[in-house]
Amino acid sequence: MKLQLPFRNSRKSLPSAQRGIISLADWHKRRIRWSVQSLHAVTLIGLLIVGLGPILWLAKAAITPTQDTLRQPMALWPNGFNLDLLVQTFTKVHIERYFMNTVWIAIGSWICQITVATTAAYALSVLRPRGSRILYGMILGTMFVPSVVLLVPLYLTVLNLPLVNIKLVDTFWAVWLPAGASAFNVVIIKRFFDNLPREIFEAAQVDGAGPFRLFWSIVLPMSRPIVGVVSVFAVIATWKDYLWPKLVLPSLALQPLSVRLPDLEGGIQLDLFLASLAVATLFPIALFLIFQRMFLSGGALSGAIKG
Amino acid sequence: MSSRAEPVTAASGVRKRRGLLTWVSRDGLSTFAFLLPLLLIFGTFSWFPIVRSFVMSVQHTNLVSPPTWVGLDNFATVLADPLFGKSIANTIYFALLALIFGYPIPLVLAVIMSETRRFKGLYSALAYLPVVVPPVVAVLLWKVFYKGGPNGAFNSILGNVGIGPIQWLGDAAMAMPAVVVEATWAAFGGTVIIYLAALLSVPPELYDAAEVDGASILQKIRYVTLPHMRGILFITLILQLIATAQIFTEPFLLTEGGPANATTTVLLLIYQYAFGSSLGGHFGEAAAISLMLAAFLGVFTAVYFWLTRSWSTES
C-alpha cells in the first residue's frame, strides 16, 4: 500500500513519453533512489565548482587588490575590496574601445554573412539557374577543407587583393569579408529554403512579384528563425575569434577585445588585468542568460551536426 | 486531345529557344545579381586561397622578392626540420590526452543529467557556462590559476594537502596535460548539450521492453542507451579529433609552445614559419605543412568513416 500512493503521484509528474533510463519501479527501490539522488547531488556540486567556480573566482578577483589575490588566491573572503578597479578598466585600460571594436567587427561580419548566405541560398534553392548544382557542390567542397589550409593564402590575399590590388589588412574589411565565405551558413539556410512551400512562391509570382520582391517580402520574412540561428552563431564566432583578427589587425585602434587582452597581461597590475577579463566576460554571459533556451535546446547544434 | 496538347508543346519550345535578350530581361540578370555576393566572396576568400595554397607550397614566397618555383623543396625543408616531427608527436599527444580527459566526461555527465527530475535547466546552464566565457579570457584566467609559485591558485589548494608546488606550465612533462585540462574545461559543455539532445531521441518503449526482460539500470545503459547514441558518438569523436589537430589558441597563449617545444603543435609550427619573429615569412613552407595536415585529416576521416560505416548506420 505504501508503494502505491507515491507511485500514482509521481506518474503524474512523469509522463511515460518523457521517461528515461530509470523506471518508476527502479525509482521506488530505496537503495536505487538513494544512490541516484546522491549521484545527482555529487554531479551538481561538481558542476558548481567546475562550471561556476572559476567565474566566481574571476568576479571576486576583479574587486580584490593584487596583493590579496597573490597571497591568498583561494581565500573565500578578500581582506579588502577595491571597486575602483572596475572603473579603472575604463579609465586606464580603455576596455570600452576594444569592446566597441569587437561590436563593430561582429556587426560587419554578421551583415556580410547574412547577405551572402541568404542571397546565395535563394539563388540556389528558389531561382535555380543552370549550373547551380555544380556551384552548390563547390560550396559543399569547401566544408571539407580544414581552416588551417586557408590561413596563410588568405592572409596573403587580404594583404593584396588579387586583380584590384587593394590592401585590406588593418581595416575591418579584412575580418568582415572572409567571414562571409561560410559554407555552413549557405548550406543550412538553403536547406531551410528548400522546405518552404513552393505554392506560396507560385502564388506570389501569379500576383506579379519579381525575384527581388519574392526574396524581400516572402522568403526573408518566412525564414526569421533560421536567420536568427545563423546570426547568433555569427556573433559568437566573432566574439571567440583570436588568430585571424590578431594577424590582420595589427594597429591598436582596431583591435577587438580578444586580441587586446593577451597583450595587456604583464603590462598592467594583476588586479586590473583580472578586472578587465571579468568585464570582457560580462557581455557574453548576459547574452547567454537572455538566449539561454536557444543555446541549451541543442536543436540548432545537433541539427547542424547530424546534417 | 491532340489540339489540346499543342499549345503546351509550343510554349515549351519557345522557352527552350529563348535568346540571350529575353534571358537577361526575364530573370537571368536578377539571378546573377543574387549569385554575385556568393561568387565574389567565395571566389576571393575561399576558392582562390584554396588553389593558391597548392601553388604556394611549390613556390618560394616571402613578400620581399617575387615568388620563384622550387618544386618540392618546401616539403623537403619541412620534413627535415626536427621540430616538424616533434610538433606532430605533440599534436598526437594532445589529441590522445584530450580524448582520455574530454571524451568520456560529457557522455557520463549527459546520462546522469538526463535522469534528473529537478533543476534540469540549472545542470545544463552550469555545464554550458565555460563555453560562454570567451576562449581568450578562459586561457588567460587559467594561466593565472596555473601560476607556478606556492601561492598559485591550484598550488595553494594542493599545498593544503602537502603536495607541490608544481610548475604547471614551466615543466615540460606537466605543460601539455595542463593545456589539455584547460581546453577540456572550455569545451565539455557544448558536447554535453549535444548528448542531452541525442538522449531525448531514444524511444522510451525500448526501456520498457528492456525492463520486461529484466535489465538492470546499467544493462539498460549498455544495451539501449549507448547503441542509440552510437551515431552521434562517432561524429563527436571525429569532430573532436579534427578540432584537436588544429589546436592553436590554448598552447599559443598558455605556453607559446614551450617549455623546450613541449607544447609546439602543428598549427603553432605553421604560425612560426609564416608569422613568427625568428622564422617568419616562410609562407611556402607554412603552406606545405598546412596541406600535409589537411591531406592527413582527409585520409584519416575517410578511413574513419569507412571503418565505422557498419556500426554507425544500423541502430
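Guide: Residues are numbered from 1 along each chain as its sequence is written, and chains are lettered from A, ligands numbered from 1, in the order in which they are written. This is a predicted model, where local features need pLDDT of at least 70, side-chain atom pairs count only at pLDDT 80 or more, and totals for chains, interfaces and linings use all residues.

Visitor: What is the mean pLDDT of chain B?

Guide: The mean is 83, and 89% of the residues of chain B reach 70 or more. pLDDT is the predictor's confidence in each residue, from 0 to 100. Chain A also averages 83, with 90% of its residues scoring at least 70.

Visitor: Where in chain A is confidence lowest, and where highest?

Guide: It is lowest in helix H1 (residues 4-13) of chain A, at a mean of 40. It is highest in helix H9 (residues 173-180) of chain A, at 93. Helices here are DSSP runs of H or I, at least four residues, numbered from the N terminus. Over residues 1-17 of chain A the pLDDT is below 50. Where pLDDT is low, the predicted coordinates should not be read in detail.

Visitor: Why are H9(B) and H11(B) called roughly antiparallel?

Guide: The axes of helix H9 (residues 172-200) and helix H11 (residues 217-245) of chain B cross at roughly 160° and come within 10 Å. Axes are lines fitted to C-alpha atoms over the stretch in contact, and angles run from 0 to 180 degrees between N-to-C directions. Angles over 145 count as roughly antiparallel. So H9(B) is roughly antiparallel to H11(B).

Visitor: Which residues of the two helices meet?

Guide: B:Thr191, B:Ile194, B:Tyr195 and B:Ala198 in H9(B) meet B:Met229, B:Ile232 and B:Thr236 in H11(B). Contact requires C-beta atoms, placed from the backbone, within 7 Å.

Visitor: What makes five of these residues nonpolar?

Guide: Ala, Val, Leu, Ile, Met, Phe, Trp, Tyr, Cys and Pro count as nonpolar, Asp, Glu, Lys and Arg as charged, and the others, Gly among them, as polar. By class, this contact has five nonpolar, two polar and no charged residues.

Visitor: How many residues does each chain give to the contact between chains?

Guide: Chain A gives 82 residues and chain B gives 79. Helix H3 (residues 30-61) of chain A supplies the largest share of the chain A side, 13 residues. That side divides into 58 nonpolar, 19 polar and five charged residues. The predictor gives the complex an ipTM of 0.83 and a pTM of 0.84.

Technical notes:
Angles under 35 degrees count as roughly parallel, over 145 as roughly antiparallel, 65 to 115 as roughly perpendicular and the rest as oblique.
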